[in-house]
Amino acid sequence: MLDSSPVLCDAVRMTDRAAAVYGVVADLEAESDQLDALVRDLDDAGWATPTPAPGWTIAHQIAHLAWTDEVAAIAATDPERFTELVTEALQNSPETYVDDAAEAGAGAPVEEILAGWRLARAKLADALREVPQGVKIPWFGPPMSAASMATARLMETWAHGLDIADALGVTVLPSDRIRHVAHIGVRTRDFAYIVNGKVPPAEPFRYALTSPAGELWTWGPEDASNIVRGSALDFCQLVTQRRAVADLDLEFVGEDALEWSGIAQCFAGPPGAGREPRGA
């Protein structure tokens, strides 16, 4: 007879949750390594290449990731220090502290930028693996679990990596790690409405997305009247606002889903400006 005691069940659940955190962190590390390989052999001129983000070079992009990973590691290990950093940022430059940090970081020699990012992301990965079960990590928005923080950092790494790939004129083959990005896109549907001053629809959407490996990923009720279907890669480009909806292989069924397609946003902050259609 199997032992189904509460203690054993709790232990199994804790093991499953720990495995989930380790899995997302491993995917974050793999995504970071892939981007590292894209920039590590660039010369100074390469690091100065403008990216689709206005005013940001490749150096700005990596400096931003380094700063954010460093701050996330502080949040996971020293919440009081993180609170001090947030207070200081909001007091000194509430509208521009992210851009200010990227600008300051991008001014360093490229070797220091890359080394700093490598150190920061390693510290973050170690910190996330050590966050006690049930503990929420403070952040600029709502506090997050270790798994959610790792997922958010993977989303940012992937999105900024896409900017860098575009700047270099290369195509990086997507992996099924983008499921984490798609998941955030689904979870932030209501957030996109709220930051745009709109009331979220009462009913959930159905999402049916084809992964890079050809699998079908789904979220939401099968009988939903509003449906988003198509390429998971294109969905991730939509919710990170890296491509205009007109350039994407996505279908939106229902008035609410169509409206959402114009405001979709999975990253924190005010409404993003999005991107112009290619060739516009």
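## Cavity and helix packing

Counting cavities of 30 Å³ or more gives one. Keep in mind that this is a predicted model. The largest cavity holds about 40 Å³ of space. Who's around it? The lining is made up of L28, E29, S32, D69, R121 and A125. Two elements, α1 (6-39) and α6 (110-130), each give two or more residues to that lining. Helix α1 has the largest share, with three residues. Sorted by class, the lining of the largest cavity has three charged residues, two nonpolar and one polar.

Now for the helix pair. Two packed helices are described by the distance between their axes and the angle between them. Here, the partners are α7 (residues 146-168) and α8 (residues 179-187), whose axes come within 9 Å and cross at roughly 110°. Angles of 65 to 115 degrees count as roughly perpendicular, so α7 and α8 are roughly perpendicular to each other.

Which residues make the contact? On the α7 side they are T151, A152, L154, M155 and W158, and α8 brings in H180, V181 and I184. That contact has six nonpolar and two polar residues, with no charged ones.

Here are the two sets of residues by class:

| Site | Nonpolar | Polar | Charged |
|---|---|---|---|
| Contact of α7 with α8 | six residues | two residues | no residues |

Conventions. Residues are numbered from 1 along each chain as its sequence is written. This is a predicted model: local features need pLDDT of at least 70, side-chain atom pairs count only at pLDDT 80 or more; totals for chains, interfaces and linings use all residues. Side-chain values use heavy atoms; hydrogens and water are left out. On a 1 Å grid over the protein atoms alone, a cavity is a set of points where a 1.4 Å probe fits but cannot get out, and a pocket is an open set with protein on both sides within 12 Å along at least five of seven lines; lining residues have an atom within 4 Å of a point. Grid points are joined across faces, edges and corners, and a volume is the space filled by probe spheres set on the points. Helices (H or I, at least four residues) and strands (E, at least two) are DSSP runs, numbered from the N terminus. Ala, Val, Leu, Ile, Met, Phe, Trp, Tyr, Cys and Pro count as nonpolar, Asp, Glu, Lys and Arg as charged, and the others, Gly among them, as polar. Axes are lines fitted to C-alpha atoms, for helices over the stretch in contact, and angles run from 0 to 180 degrees between N-to-C directions. Angles under 35 degrees count as roughly parallel, over 145 as roughly antiparallel, 65 to 115 as roughly perpendicular and the rest as oblique. Contact means heavy atoms within 4.5 Å.
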